[in-house]
Amino acid sequence: MKRANELIPAVATHPGELLADELEARNLTQQTIAIQMGVSQAIISQLLHKKRRVSLEMALRLEQALDISAEFWLNLQRQYDRVTAYHNAQKSLRKLNLPEPRQMKLLEAMLG
């Protein structure tokens, strides 16, 4: 049986990171993609800087503009949220000085 910390990546990848890579690969600017998506450049900037989540609407707009499925963007956001929540919980549990086995049980329960 795998332990909880073996199931979670050490680093979470925010959808904005992949969007930045995609924009660079396609030689698109924030302004260009914002226009294609019908959103402000500020929204694109927030997404690229991990200050905005990919909502269903955003995922659909990304799909339309980049021809990358909305499910891809939503799954990436879900995974980012899951990894981030796990690491935040791990930090909180360490502060409580719970025994390691208890911490692991609680973290595994988080994973459902």
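Lys50 counts as partly exposed, with a relative accessibility of 43% (buried is under 20% relative accessible area, exposed over 50% and partly exposed in between, for a 1.4 Å probe and protein chains only). The model is predicted, so local features need pLDDT of at least 70 and side-chain atom pairs count only at pLDDT 80 or more, whereas totals for chains, interfaces and linings use all residues. Residues are numbered from 1 along each chain as its sequence is written, and side-chain values use heavy atoms, with hydrogens and water left out.

The side chain of Lys50 meets that of Glu17 in a salt bridge, at 3.3 Å from N to O (a side-chain nitrogen of Lys or Arg within 4 Å of a carboxyl oxygen of Asp or Glu). This pair links distant parts of the chain, 33 residues apart, since Glu17 belongs to helix H2 (residues 15-26) while Lys50 sits in the loop between helix H4 (41-48) and H5 (helices are DSSP runs of H or I, at least four residues, numbered from the N terminus). Glu17 is likewise partly exposed, at 30% relative accessibility.

## Other salt bridges

The structure has 4 salt bridges by this rule, and among them is the pair of Arg53 and Asp81, whose side chains meet at 2.2 Å from N to O. This pair also links distant parts of the chain, 28 residues apart, with Arg53 in the loop between H4 and H5 and Asp81 in helix H6 (residues 70-95). Asp81 is partly exposed, at 27% relative accessibility.

Glu57 is partly exposed, with a relative accessible area of 49%, and Arg61 is partly exposed at 26% relative accessibility.

## Packing of H3 and H5

Helix H3 (residues 30-37) packs against helix H5 (residues 56-66) at an angle of about 105°, and their axes are 9 Å apart. H3 is therefore roughly perpendicular to H5 (65 to 115 degrees; under 35 is roughly parallel, over 145 roughly antiparallel and the rest oblique). From H3, the residues Ile33, Gln36 and Met37 meet Met58, Arg61, Leu62, Ala65 and Leu66 of H5 (heavy atoms within 4.5 Å).

## An aromatic pair

The structure holds 1 aromatic pair. Phe72 and Trp73 form this pair in an edge-to-face arrangement, 5.2 Å from centre to centre and with 80° between the planes (ring centres within 6.5 Å; planes under 30 degrees apart are stacked, over 60 edge-to-face and the rest tilted, with the six-membered ring used for Trp). Phe72 counts as partly exposed because its relative accessibility is 33%, whereas Trp73, at 1% relative accessibility, counts as buried.

Conventions
Axes are lines fitted to C-alpha atoms, for helices over the stretch in contact, and angles run from 0 to 180 degrees between N-to-C directions. Helices (H or I, at least four residues) and strands (E, at least two) are DSSP runs, numbered from the N terminus.
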